[in-house]
Amino acid sequence: MSEGNAAARLRQSRLFSRLITFTAVFVVFVLVFLGMFQMFESISMQAMLRMNQEFSAQASTISDSMQSIIDTVGTQMFYISSTAKLRKSTGMTNNERVFALRELWQYAMAGSMLHSIYVFNQKLNMVYTTDNDYSSGSMETFYDQDAVALYRSRSAENRMKLRHRIFHNTSDYPTQTELYSYLIFEVTANGDVGESAVMLNLDAQWFQESLLNFPGENYIIISQDGYVVASQSERLNGHSLGLLSRIQNRKSGYLMDRLDGERTICFFSPLETNGWYCLRYVSYAECLPGLSRIRSGAWVALSVLAVLLMLAAMVALIRLYDPYHRMADMLRQAPESEDGLQAADRLERMVASSWSRQREDALRLWITGQPGPENLPAPVLPAFLLMAEHLPDEAFRSLLNREAPEAILAQQEDVSLALCAFADTDTAAEICLHLSSQLQCRCYYSPSADRLEQLPERYQALLECRRLRFFYPGQQVFFAPLPEETTGDPQLWETALTACISSAQTDKHLAFSQLMEKLKGESFENVLFALKRLDQMLEAALPPSEQPAVPLENLLASAQEPGTVSGYFLPRLEALSLQQQEQKRSRGREAAAQINLRLEQGFRDTGMSAQTIAEEMGLSAAYLRKQYLNETGLSIGDKLNQIRVDEACRLLRETDLSVEAIARQIGVENTKYFFVLFKKIKGVTPRQFRMLREGEEL
């Protein structure tokens, strides 16, 4: 008996293996076939799309020409004498009015383009029309109030723009007329609109005949505003407008759909100037006859293979049913599990877990502004949105369920979100305080939401508050108010940052603390902007060796206190201060060297002074004296006197020139002053110095 069971199990195992192998081969074959078919189909469709783009370019050229014609006709109509009288005159006789309207009517009837012409005269509050079925009248009683509304809403932006509209006739003529209205009026350089205006009402049939004046029935032109501009077949109108949401704001392409039960390809291309789309419908079988036949044959073959696979699976199931039945009976007769739960209890838990997961998914959708599942009841509102920096483990769920049993809990990245229907804000604050103290984490809560549409704004307020937590070290519970419109001026921040860098030379800690106090209370966007700008300024001023290794955005994302942010900037502010001091000393040394060179070259000039050198260098004499004194410890005058006396000593040693001649050579005109200056520096008079030197030589 055991050998028979073993043989049966072996046969069943082989059957399973063959079925799995056949299924795998079938799936691979289907995937390879679909991939190759899609590739050939895409190549063929791209070629057809290029042909359609060429036609769309021609249609775009035609529409541009039509627009030019309309602009020319509109400008002429606005300035002809009869129109000028009707729109400007403050008093006309009946004969003058009739004559002007008759002349305007002749212009309107001269071609098939115009349906009617309206002239608006604001001074008389009148609208004149060339329509034979209606009469002119005041703006309040004029039969075409839609046109009056367009006139009253005129602005520099909608001047000489085509407006598609449907004119609903009165009860005497219970029909409707499709028109393209074109309003022209004067606009000043300041953008002010003129009082009078002329409206050309263009016949929609004219667009049809002008844009699609060629044989066929598969072309249609639609507008982004949701109306048909021109069509070769009315049966395409409804379907084309239904496709508008799928093709809007896209470049040229194609869509596959079913039209009148037939698989059809819709090629679409935007026209360049007026927001229209040109659509061309081609049946799939006509466009790609070869691929269509392959597709039909492939579907038949795949259907046959699928049926065979299903039959094989059924046979295998019948063969394996008895073992399956015995296994199911054993499960039903199984004793309780170790946790004491029967299968029914476990099933209930699984259902509850599934329900909870649906609510979590719904909360994630609600905070992004998306609707939740239709079968899920709406939460109890008003409700508060809470966020805790703690993952939703069993401890967190247990605490929250005790305080708010109906709360919806979800994990969002590294935090937990909860939507709770509390009575008031104080209750929400108490719950957050309890959660933070028990779980040792930070908690945030926002104002209550009366509608689900308010949750995205509350969620963003929580994230904003969390980003700025480093301003409040040690605080565990935060109330996240709704964001207000920011009016941060980049120029003001630039001034504050420049002041921070300048003040850092004296007290970098105080300078940065003052900047952080200004940023406190600002939105995270403004804080990030200001700190990134400071980061850029320091990066531009310091060498690469002084730059931090961690990007500023990463630092702010993990910062817990202001010290983390200050630790990012203070070392570089210190380095900048040292660099500026070194640059200042370097400039002082360079200035002192230039002054010394100038003194050594020009000490013989009796007019040489600090003022003279300052004027040559383009600097203030007081600033130059201070720089030189700080660098050398001497004044410029003392250095000049030292150079002159040294040169006098050389002349006294090496020449027989008189003291008076030597004084003149070194730039001192007064011999008596020379004696005083020489003795002050050398301790002896010039003659004594010469005698001492001669005695030494002897």
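Hi everyone. Let me begin with a rule: rings of Phe, Tyr and Trp pair if their centres lie within 6.5 Å, and planes under 30 degrees apart count as stacked, over 60 as edge-to-face and the rest as tilted. The model on the screen is a predicted one, and by that rule the count comes to 14 aromatic pairs.

Let's look at one of them. Tyr-118 and Tyr-143 are edge-to-face, with 6.0 Å from centre to centre and 90° between the planes. Where do these two tyrosines lie? Tyr-118 is in strand S1, residues 114-121, while Tyr-143 is in the loop between strand S3 (137-138) and helix H4 (145-152), so the pair ties together parts that are 25 residues apart in sequence. Both Tyr-118 and Tyr-143 are buried.

Now compare that with Phe-674 and Phe-678. Their ring centres are 5.9 Å apart and their planes stand at 55°, so this pair is tilted. Both residues belong to helix H21 (residues 671-682), and they are four residues apart, about one turn of the helix. Here is a handy thing to remember: an α-helix has 3.6 residues a turn, so residues three or four places apart point the same way. Phe-674 and Phe-678 are both buried, too.

Ring pairs can also join up into a group. Tyr-444, Phe-470, Phe-471, Tyr-472 and Phe-478 are linked into a cluster that way.

Next, please find the open sheet of five strands. Its order is S13-S14-S12-S15-S16, and the pairing is mixed. Which strands sit at the edges? They are S13 (408-412) and S16 (477-479), each of which pairs on one side only. On average, neighbouring strands of the sheet are turned by 20° against each other, ignoring direction. S13 pairs with strand S14 (residues 415-420) in the antiparallel sense, over five bridges, and Gln-411 stands opposite Ser-416 in S14.

Two helices pack on this sheet. Helix H11 (residues 425-439) touches strand S12 (384-388), strand S15 (443-445) and S16, and its direction makes about 165° with that of S15. Helix H12 (residues 455-467) touches S12, S13, S14, S15 and S16, and its direction makes about 30° with that of S12.

Let me finish with helix H6, residues 235-247. Its 13 residues reach 19 Å from the first C-alpha to the last, close to the 18 Å expected. H6 has a kink of about 30°, centred on Leu-241. Its buried residues are Leu-236, Ser-240, Leu-243, Leu-244 and Ile-247, and what covers them includes strands S7, S9, S10 and S11. After H6 comes Asn-249, with a positive phi near 60°.

Technical notes
Residues numbered from 1 in each chain as written. Predicted model: local features only at pLDDT ≥ 70, side-chain atom pairs only at ≥ 80, totals over all residues. Heavy atoms only, no water. Pairing = 2+ DSSP bridges. Axes fitted to C-alpha atoms, helices over the stretch in contact; angles between N-to-C directions. Contact = heavy atoms within 4.5 Å. Expected span 1.5 Å × (residues − 1). Bend = angle between axes of the 7 residues up to and from the residue. Buried < 20%, exposed > 50% of the residue type's maximum accessible area, 1.4 Å probe, protein only.
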